[in-house]
Amino acid sequence: MRSASLLGRDHHHLGHLATVAEGHAAITLSRGGASKTYSYTEPNEDVAFFALGDGGSLIAVADGHFGASGSEALLDFLSSSRAPEWTAPGPLGHDTRSWQAHSLQTLHACGRAILNRAAELGLPPAPSTLSIALIRPEEDQVAWVSAGDSHVFLVDEKGATDVGWQSLGRRKAYYLGYEAATPEGMEGTFLAGISPLKGLSAVVLATDGISEPGIGFPDPAESVQIAMTESRETPSETRPIKLAKNLSEAALAIQRTHKAGDNVACAVIDLRKA
């Protein structure tokens, strides 16, 4: 398994964009295009991650609150405890129902990882969002999980569709990392699903720096589709990073226009063949 991550604590310069890419995966991270206009604990609390194995590819983004330790703890847990199995050869054998149950177990464990990290550091917990997408070509599946208000876009020839929690349009979102959380209590606080991989052009994850009202895009899905179109003529080997950069740089630009910023993390898997 090959993997890479970008951590907010390493990227504190406004307007800068960090990038990593390999194969069909790419991640980007920025503190933002403008200063935050709300109170915050650390300048950049977002993270992005990918893992590539012989059986599948995993991408994830997380948006920490009240510190970066929570989002970092999530990625450490995913990298060590889920990614090796999820990206390994051989069928995982999940259907929609079993993936929902497995996602619940994973999210609860992620919340415990946040609490454990806070205890190790002697700091208050830093609850975090988490969006995950897992590509399994041999099973013709893309599986996703979304807790909190980060995004999961599935892109096909018709456009980009957000299947994450944000798509429900609810005012409140549940963040991982609360002491009182139990698996039973977390039922109904996240979205998870499986779709056929065939027909998809890309899977794009992003934190709410691209969508927060008065900060990001008024129509994030449309902006994802524009980034797809603008990267269409790019050579296939650099197309994933071009897609991620197009979306991220457009988000930084609109933040500058609004004179209000937020951290931006993006992770993509580009599935276009030609």
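Guide: Let's start with a pair you can find on screen: Arg2 forms a salt bridge with Glu22, and their closest N and O atoms are 3.1 Å apart. Keep in mind that this is a predicted model.

Visitor: Where in the chain do Arg2 and Glu22 sit?

Guide: Arg2 belongs to strand S1 (residues 2-7) and Glu22 to strand S2 (residues 18-22). They are 20 residues apart, and the pair links distant parts of the chain.

Visitor: What's the general idea behind such a pair?

Guide: Side chains of opposite charge can pair when their charged atoms come close. In this structure, the count comes to eight salt bridges.

Visitor: Back to that opening pair: how exposed are Arg2 and Glu22?

Guide: Arg2 is partly exposed, at 39% relative accessibility. Glu22 is also partly exposed, with a relative accessible area of 31%.

Visitor: Which residue does Arg117 meet in a salt bridge?

Guide: Arg117 meets Glu120, at 3.7 Å from N to O. Both are in helix H3 (residues 96-121), and because they are three residues apart there, about one helical turn separates them.

Visitor: Is Arg117 buried or exposed? And Glu120, buried or exposed?

Guide: Here the two partners part ways. Arg117 has 18% relative accessibility, so it counts as buried, the cut-off being under 20%. Glu120 reaches 63%, so it counts as exposed, which takes over 50%.

Visitor: What about Glu139: which side chain does it meet?

Guide: Glu139 meets Arg136 in a salt bridge, with 2.8 Å from N to O. Arg136 is buried, with a relative accessible area of 4%. Glu139, at 21% relative accessibility, counts as partly exposed. Remember Arg136, as we'll come back to it.

Visitor: Which residues are linked in a network of salt bridges?

Guide: Look for Arg9, Asp10 and Glu72, which are linked in such a network.

Visitor: Let's turn to empty space. How does one find where it is left?

Guide: Rolling a probe the size of a water molecule over the atoms shows where empty space is left. In this model, the largest pocket has a volume of about 500 Å³. There are 25 residues lining that pocket, and the closest to its centre are His65, Asp149, Tyr175, Asp208 and Glu212.

Visitor: What classes of residue make up the lining of the largest pocket?

Guide: The lining of the largest pocket has ten charged, eight polar and seven nonpolar residues.

Visitor: And how many cavities of 30 Å³ or more does the structure hold?

Guide: It holds two of them. In the largest cavity there is about 50 Å³ of space. Its lining includes His108, Arg112, Tyr174 and Met186. By class, the lining of the largest cavity has six nonpolar, three polar and one charged residues.

Visitor: What is the volume of the second largest cavity, and which residues line it?

Guide: Its volume is about 40 Å³. The second largest cavity is lined by Leu92, His94, Trp99, Leu134, Arg136, Gln141, Ala143 and Ile194. Strand S6 (130-136) and strand S7 (141-147) are the elements that give two or more residues to this lining.

Conventions:
Residues are numbered from 1 along each chain as its sequence is written. This is a predicted model: local features need pLDDT of at least 70, side-chain atom pairs count only at pLDDT 80 or more; totals for chains, interfaces and linings use all residues. Side-chain values use heavy atoms; hydrogens and water are left out. A salt bridge is a side-chain nitrogen of Lys or Arg within 4 Å of a carboxyl oxygen of Asp or Glu. Helices (H or I, at least four residues) and strands (E, at least two) are DSSP runs, numbered from the N terminus. Buried means under 20% relative accessible area, exposed over 50%, partly exposed in between (1.4 Å probe, protein chains only). On a 1 Å grid over the protein atoms alone, a cavity is a set of points where a 1.4 Å probe fits but cannot get out, and a pocket is an open set with protein on both sides within 12 Å along at least five of seven lines; lining residues have an atom within 4 Å of a point. Grid points are joined across faces, edges and corners, and a volume is the space filled by probe spheres set on the points. Ala, Val, Leu, Ile, Met, Phe, Trp, Tyr, Cys and Pro count as nonpolar, Asp, Glu, Lys and Arg as charged, and the others, Gly among them, as polar.
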